[in-house]
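Please consider the sequence and the three-dimensional structure shown below. The paragraphs after them are an explanation in running order.

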Amino acid sequence: MARNIQIVKISDITRFGDSLAKSIRANLKWSKKLRNKVKLHKGKVNNNGGEISITIADGDPNLQGMARAFEFGSGIHATRGTRKKYLIKPKNARALWFYMENPHPKIPLYIKGGKIGVVLPKVLHPGVEARPFISKAIQSTISKATEDLAISVRKNLIEELRIVLKDIK
Amino acid sequence: MLGDEVIQAAIVEKLKSLAPFGLVQSMEVRELSWQGDTFTYPNIRVDLESNEWVFDEQERCNLQYVTFSIYIFSEQRSSKECSQIKTLIINALVGMGFTSVTQQVKFSRLRMVDNVPAIREDANTWRSQVQFGSRISNP
């Protein structure tokens, strides 16, 4: 029977993914919410190589939006698409409530949970500045991880060839 | 041909039978994509990755090869528990052959294909993996 030659092993691809996931978590020190939602999935290998996926905020659309906004910037700070303020309207309540330092005297104030905030029917949000954590992680990891992967592939290839040659003898 | 469900059930049965190893005894052993909603940790998951059926021209017979992974999940702060359970499973299975009487499957000498050290899957979970290969047949 012809052997399935695997030049990339699951352990190699998992190690590669793990170093990238670690780097993403390290870059997300400023957001516990996002950091805790970085998930490394199982690796898969076939005769052509392997694949592994990392998800951030899987199944949580609000957090996904936050991750995207910080990775690429949003609103007037967007690094992709058009730069403009975006409208936020209340979904489940009649008005928006949030904390604001030195609010305009004409804006109504409302106390919620002991905190004073402003009440507005809608806002034009300027967006957030980009704090890229994925691209930064890729840049810092890729060279070392690729080098490690290349060493593993070389080692696996030699091992596989040794087995094939032994079978021929 | 031996079906995927039969092979998977035989592996789960074997893992459950590793009772003398105190750590493994009380653990939940199921298939990897089990669609339940109650999980206890640590737990063990089995993933049947390939089930190949081939005709051996030299021996003039049909052969069946399987590759499967055993995943160990733990929620401890350190990866120690995860690695300990994996070591117990490796020591119990590598080089061994076993037969499942209930599922009517015989596994010839299990070969360890790969061994993945514990990694952080997400904020709370450690995951380690060991991949096995074996030839299977009817007993």
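The model is predicted: local features need pLDDT of at least 70, side-chain atom pairs count only at pLDDT 80 or more, and totals for chains, interfaces and linings use all residues. Residues are numbered from 1 along each chain as its sequence is written, while chains are lettered from A and ligands numbered from 1 in the order in which they are written.

Chain A is divided into domain 1, made of 10–83 + 129–168, and domain 2, made of 86–125; such bounds come from an automatic or database domain assignment. The C-alpha centres of domain 1 and domain 2 of chain A lie 38 Å apart.

Helices and strands are named here from DSSP runs (H or I of at least four residues for helices, E of at least two for strands), numbered from the N terminus. Helix α3 of chain A covers residues 61–72. The expected span is 1.5 Å times one less than the number of residues in the helix. Just after α3(A), G73(A) takes a positive phi of about 80°.

Two alanines lie in loops on either side of this helix. A57(A) is found in the loop between β4 (54–56) and α3 of chain A, and its phi is near 60°, a positive value in a residue other than glycine. Most residues other than glycine have a negative phi, and most peptide bonds are trans. A57(A) is partly exposed because 19 other C-beta atoms lie within 10 Å. In this scheme a residue is buried if 20 or more other C-beta atoms lie within 10 Å of its own, exposed if 12 or fewer, and partly exposed in between, with C-beta atoms placed from the backbone. A78(A) sits in the loop between α3 and β5 (86–88) of chain A, and is also partly exposed, with 18 other C-beta atoms within 10 Å. Leaving aside neighbours within four places in sequence, A78(A) is in contact with F72(A), G73(A), R83(A) and G127(A); contact requires that the C-beta atoms, placed from the backbone, lie within 7 Å. The C-alpha atoms of A78(A) and D12(A), 66 residues apart along the chain, are separated by 36 Å.

Is I116(A), with 11 C-beta neighbours inside 10 Å, buried or exposed? I116(A) counts as exposed, and its place is in strand β8 (residues 115–120) of chain A. Not counting residues up to four places away in sequence, I116(A) touches L109(A) and I111(A). Between the C-alpha atoms of I116(A) and K29(A), 87 residues apart along the chain, the separation is 29 Å.

Helix α4 of chain A (residues 134–168) bends by about 45° at I142(A), where the bend is the angle between axes fitted to the seven residues ending there and the seven starting there. Of the 35 residues of α4(A), two are buried, so the helix lies largely in the open.

Chain B has three helices and seven strands, arranged along the sequence as α-α-β-β-β-α-β-β-β-β. A compact globule of 139 residues would have a radius of gyration near 14 Å, and chain B, at 15 Å, agrees with this; the radius is taken over C-alpha atoms, and the globule rule is 2.2 Å times the number of residues to the power 0.38. The C-alpha trace of chain B spans about 55 × 30 × 25 Å along its principal axes. Of the 139 residues of chain B, 29% count as buried. Among contacts in chain B between residues at least 6 apart in sequence, 58% join residues at least 24 apart.

Two backbone features of chain B fall in loops. The peptide bond from Y41(B) to P42(B) is cis, with omega near -5°, and P42(B) is found in the loop between β1 (28–31) and β2 of chain B. Q104(B), which is not a glycine, has a positive phi of about 60°; this residue lies in the loop between β4 (98–100) and β5 (105–107) of chain B. Q104(B) counts as partly exposed because it has 13 C-beta neighbours inside 10 Å.

The contact between the chains takes twelve residues from chain B and ten residues from chain A. On the side of chain B that touches chain A, β2 (43–56), β6 (111–120) and β7 (126–137) each supply at least two residues. The largest share, four residues, comes from β6(B).

Terms used. Two residues are in contact if their C-beta atoms, placed from the backbone, lie within 7 Å.
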